[in-house]
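I set out to record what can be read from the coordinates and their secondary structure. The entries below are kept in the order in which I looked things up.

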Amino acid sequence: MSAPMALGPNVEPGHDSASPFRPPSFAGLRAAAGFLLSSLPLAIFWFAVLAAPILLGVFLAAVWVVVMGLILAVLSWTGKPQWQTFVHGLALISAPLTLLSVRGAQAERRRIARSLGYQMSSPYRRMLRGSTLDRAHARAEDPAAWRDLAYILLLVPVGATEFASIVAAFVFLVGTITLPAWLFAAFPEGAPLWQEVQIDTLPEALIVAVVALPVSVLAGYLLITGLSQAHIALGRALLGPSRRAQLAERVEELTESRSRVLAATLAERRRIERDLHDGAQQRLVSLAMELGMARKKMATDPVVAWQLIEEAHGEAKRALAEIRDLVRGIHPAVLSDRGLDAAISALADRCPVPVEVDAELDGRPPEAVETTAYFVVAEALANVAKHSGASEARVAVRRVPGDRLVVEVVDDGKGGANPEAGTGLAGLADRLAALDGRLLVESPAGGPTRVRAGLPLGAADGTTRGTP
Amino acid sequence: MRDAEIPSKAPLRVVIAEDSGLLREGLARLLADAGLEVVAKVGDGPGLMAAAEQHHPDVAVVDVRMPPGYQDEGLKAAIEVRRRVPNLTVLVLSQYVEERYGAELLDGGAAGVGYLLKDRVADVSDFVAAVRDVASGGTVLDPEVVSQLLSRRRRDQRLAALTPREREVLSLMAEGRSNHAISIALYVTEGAVEKHVKNIFGKLGLAQTGADHRRVLAVLTYLRG
């Protein structure tokens, strides 16, 4: 089984791949408790590792600032000061510190993902190739590295709190279970419970234990989930990408998808030009030629002239059919006239493999969304017909919560479609990305193949067209 | 080739609604050459409506794409004019045929309706025969529409029981051809066609009907169901 392959960027800013809350299971709780207990030893380890670079760094930085400060003060009086050297020096001094912080933070990110199930995308700026000094400089200037350091330092008190809380909860739980065994040893006179009420007989102790057990289990459960969520929040704040980094990443994605869409548009124009040139245009040339010859032959050899006219007639009809197919490929008239449902039904009717269409839409999506969804289905059905060996396929079109349109094409074929090999699906992913949409292709060897596209409905112009 | 029509004494009166001047004049010449009388040539939907009400033609030949939107104005006008002018028959021409449009046209009744690809104009005698068929109350559907209808019903068990030959006959029936025309198209005798038709009706569970156009109707109802 190959994993589902997502094409196009994840384009929801401010959201990471997994939801921060998972329905708790016993295994999940155990993992979370283990996580909370191990925070303290790990915090101590990383603190120990970082202590030397921190002290050394602070000392060297102080020396550097004083010495260079004096030198620069003198230089700025006499000539041009080298600020660059000053900054580079500080970067070099902090290099071991930032490098180790990043290592520690990456280990923490993996630990959070593994034990708490919360994935974070990388917050770092793209590292440019260059000398060690350049890289150290870049790292020192990346706020993410310093946020990593802050996280590791904060992990010491946080880890201590978590450790203490979990140990206390465990002790409390064990104490509750064994309450009848030790109560009379600790309170020979009977334990005071509430003002005049005393627990001084065994049945009373048993009742208290039975009542207290679920309470302490619930308290332990709430403590573990609460602390896990708090730790995730801390991780998201310091280890995850900052709002600024998320925006920067999104700008980069949009820039890339824009240039890919532009390239795809140019490629499409070239394809249309080639199709017209190789197809209809050649046929029209030969048609004109045959008619010209027929005109010459008319007086001398009417039989040959008749044949030529027959051929020209056939050529003209073939040119018409070719142009019709080409035009339909550029933009199907039925889509603008009757909408997605009708256009997809028409596609399904033309597909050599039987296709079941299940479209439920009220109102019409924006034109760009409609057209893109149409071409997703067109490409997917073309692949079903050409490569899948499927005996049937199903197309579903749905409006889902969050005001998104989801289009899904599933076949029962042999699978193994690679969205990165063919240009068709990759081009679709780019078109979708331009509308903030996503394409998901699931095609394990042996089948079935599932192509799923999601598009925000408010993407193109924020309006929904009414049914005509 | 379609049925050989015996031209009646009074020529069929035609209105042409087509926005492209080149094609409008071409169609007019083609139909006039074939002995039909072109009483009006218009370029849009309202023009068609006015001409139909003024001249009461036997048949209107209408292009789907017309101003102002160049979408399906012609189709809408054709449906409207059929509703407003009784006994007017309509042949709709389109650059593309879509089963959906055919269904919309047929919803107003299948008698005196035609829906053809524009390309079919190139086969002049077939086209003229189609115009005459429609004018006399027949139903003419483009083979492409019929194949879309057939593919839509392809998982139907009863349709799967048909032999390839019977399927061919069914397609031609749905296009509105008579037994005679089918026998010519398939190079078989008319008797053989009659036998196929009987088998088809039996296998699909349709009631045998005499008139050609009621027969088309039965087939269409089955295919669209």
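**Conventions.** I work with a predicted model, in which local features need pLDDT of at least 70, side-chain atom pairs count only at pLDDT 80 or more, and totals for chains, interfaces and linings use all residues. Residues are numbered from 1 along each chain as its sequence is written, while chains are lettered from A and ligands numbered from 1 in the order in which they are written.

**Chain A, overall.** I find twelve helices and eight strands in chain A; helices (H or I, at least four residues) and strands (E, at least two) are DSSP runs, numbered from the N terminus. Of its 468 residues, 28% count as buried, a residue being buried if 20 or more other C-beta atoms lie within 10 Å of its own, with C-beta atoms placed from the backbone. I also looked up the contacts (C-beta atoms, placed from the backbone, within 7 Å). Among those in chain A between residues at least 6 apart in sequence, 76% join residues at least 24 apart.

I took two strands as paired if DSSP finds at least two bridges between them. Strand 5 (393-400) and strand 6 (404-411) of chain A are antiparallel, with eight bridges, and Val395(A) stands opposite Val409(A). These two strands form a hairpin with three residues between them, where Gly402(A) in the turn has a positive phi of about 90°. Strand 6 of chain A is also joined by eight bridges to strand 8 (449-456) of chain A, again antiparallel. Across that pairing I note Val406(A) opposite Gly454(A) and Val407(A) opposite Ala453(A). Strand 8 of chain A further pairs with strand 7 (438-442) of chain A, antiparallel over five bridges, and Glu442(A) has Arg450(A) as its bridge partner. The hairpin of strands 7 and 8 of chain A has six residues between the strands, and Gly446(A) takes a positive phi near 100° there.

**Chain B, sheet.** I read an open sheet of six strands in chain B, in the order 2-1-3-4-5-6 with parallel pairing. Its edge strands, strand 2 (37-42) and strand 6 (139-141) of chain B, each pair on one side only. Neighbouring strands of this sheet are turned by 20° on average, direction ignored; axes are lines fitted to C-alpha atoms, for helices over the stretch in contact, and angles run from 0 to 180 degrees between N-to-C directions. Strand 1 (13-17) and strand 3 (59-63) of chain B share four bridges in the parallel sense, with Ala17(B) opposite Val62(B). Helix 2 (45-55) of chain B lies across strands 1, 2 and 3 of chain B and runs at about 170° to strand 1.

**Chain B, Val64.** I located Val64(B) in the loop between strand 3 and helix 3 (73-84) of chain B. Why does Val64(B) count as buried? Val64(B) counts as buried because it has 26 C-beta neighbours inside 10 Å. Beyond its neighbours within four places in sequence, its contacts include Asp72(B), Leu75(B) and Val92(B).

**Interface.** I find 14 residues of chain B in contact with 16 residues of chain A. On the chain B side, helix 4 (99-106) and helix 6 (143-152) each supply at least two residues, and helix 6 of chain B gives the most, with three. The residues of this side divide into two nonpolar, four polar and eight charged; Ala, Val, Leu, Ile, Met, Phe, Trp, Tyr, Cys and Pro count as nonpolar, Asp, Glu, Lys and Arg as charged, and the others, Gly among them, as polar.

How values were computed
A residue is buried if 20 or more other C-beta atoms lie within 10 Å of its own, exposed if 12 or fewer, and partly exposed in between; C-beta atoms are placed from the backbone. Two residues are in contact if their C-beta atoms, placed from the backbone, lie within 7 Å.
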